[in-house]
Amino acid sequence: MKLKVRGVTVNIRIWNEHLEQTIVMLHGFTGSVSTWNTVAQSLSDYRVVAIDLVGHGQTDSPKDIAAYTMDEQLLQLNEIFQQLKLHHFILLGYSMGGRVALAYATAFPREISHLLLESASPGLKSAQERAIRRSSDEGLAAIIEANGLEAFVDKWENIPLFATQKKLSLNAQQAIREERLSQSEIGLANSLRGMGTGAQSSLWSRLEELKMPVTLITGELDEKFCKIAEEMQALLQNAQNVTVKQAGHAIHVENPEQFATIVKDAIKIKES
Ligand SMILES: C=C(O[C@H]1C=C[C@H](C(=O)CCC(=O)O)[C@@H](C(=O)O)[C@@H]1O)C(=O)O
């Protein structure tokens with residue numbers, strides 16, 4: 001289905017629409033609602049709502065960079081949730097989608113009954129780190145615009161963070177590649193500029209505010225994000241940290257059944 005919010009037409013996919021308890025799922029950079037196809041099949045007791053974030057999937061890729069800031073993305077999401085009459089729901093985000101989910105939970109805490117963050121960070125702590133990352137992400141954006149999407153995907157799918165995905169079946173690897181190749185160049189470039197890791201504000205000082213249960217999920221082989229999750233857990237009031245053995249950054253791709261089990265077990269945890 002498509003909804004128009006704040007001038008952006010947003011693509012949404014819903015599984016088990018007749019059910020009440022809702023899990024909203026947000027994909028990562030270069031992803032889309034299709035990211036969740038396999039996991040959603042294992043969440044048959046829940047209404048699963050997947051959203052193409054701005055510049056991704058079948059959601060608009062506006063030329064105006066203002067549509068891509070984290071604050072604007074949160075307002076787009078909040079309007080979507082209001083139109084869908086979603087309140088006090090489970091929110092799950094992967095990587096970039098995890099940064100968005102965390103930002104949404106800090107901005108609208110009463111709307112979230114449980115927050116699940118897969119391989120996500122609260123951003124970068126210092127202004128210097130953010131400036132360096134903005135410059136790096138601008139370089140990536142320029143590569144997308146100068147060399148085209150295929151050249152970028154060739155580069156992106158081979159960064160060390162995704163090395164574990166080389167163990168996946170060729171079909172699985174091809175499906176991830178096709179999802180990335182289905183994106184728009186302007187959408188990815190502006191997403192990096194608008195809500196890249198260096199563009200967003202740091203949320204590290206906001207973690208202690210969150211009262212809802214938080215489940216952090218990382219892959220054992222993704223050392224960088226395991227360390228981030230450990231640091232986040234120490235600052236959160238009500239958090240569990242699940243590390244998946246022999247998995248990398250994208251656990252939901254590498255082991256969708258185990259990922260779905262972790263999600264189902266986590267959301268049984270009642271709010272305090
Ligand atoms: C490479 C780093 O950061 C990027 C890696 C993961 C994030 C993501 O959403 C990737 C999703 C995917 O391709 O499977 C992405 C983001 O958060 O926007 C980061 O730019 C790194 O070392 O931090």
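**View 1. The shell around the ligand, sorted by residue type.** Eight nonpolar, five polar and four charged residues make up the shell around the ligand. Here nonpolar covers Ala, Val, Leu, Ile, Met, Phe, Trp, Tyr, Cys and Pro, charged covers Asp, Glu, Lys and Arg, and the others, Gly among them, are polar. Do keep in mind that this is a predicted model, where local features need pLDDT of at least 70, side-chain atom pairs count only at pLDDT 80 or more, and totals for chains, interfaces and linings use all residues. Residues are numbered from 1 along each chain as its sequence is written, and side-chain values use heavy atoms, with hydrogens and water left out.

**View 2. The residues closest to the ligand.** The ligand is surrounded by 17 residues (a heavy atom within 4 Å). Tyr-94, Ser-95, Arg-99, Arg-180 and Lys-224 are the closest.

View 3. A ligand oxygen lies 2.8 Å from a side-chain N or O atom of Lys-224. For Trp-156, a side-chain N or O atom is 3.0 Å from an oxygen of the ligand. Phe-29 takes part through a polar backbone atom, 2.9 Å from a ligand oxygen. On its own the ligand has 510 Å² of accessible area (Shrake-Rupley, 1.4 Å probe), and the protein covers 87% of that.

View 4. Beyond its neighbours within four places in sequence, Ile-80 contacts (heavy atoms within 4.5 Å) Leu-3, Val-5, Val-10, Ile-12 and Ile-51.

Terms used. Polar contact = N/O pair within 3.5 Å; in protein donor to acceptor, adjacent residues only side chain to side chain.
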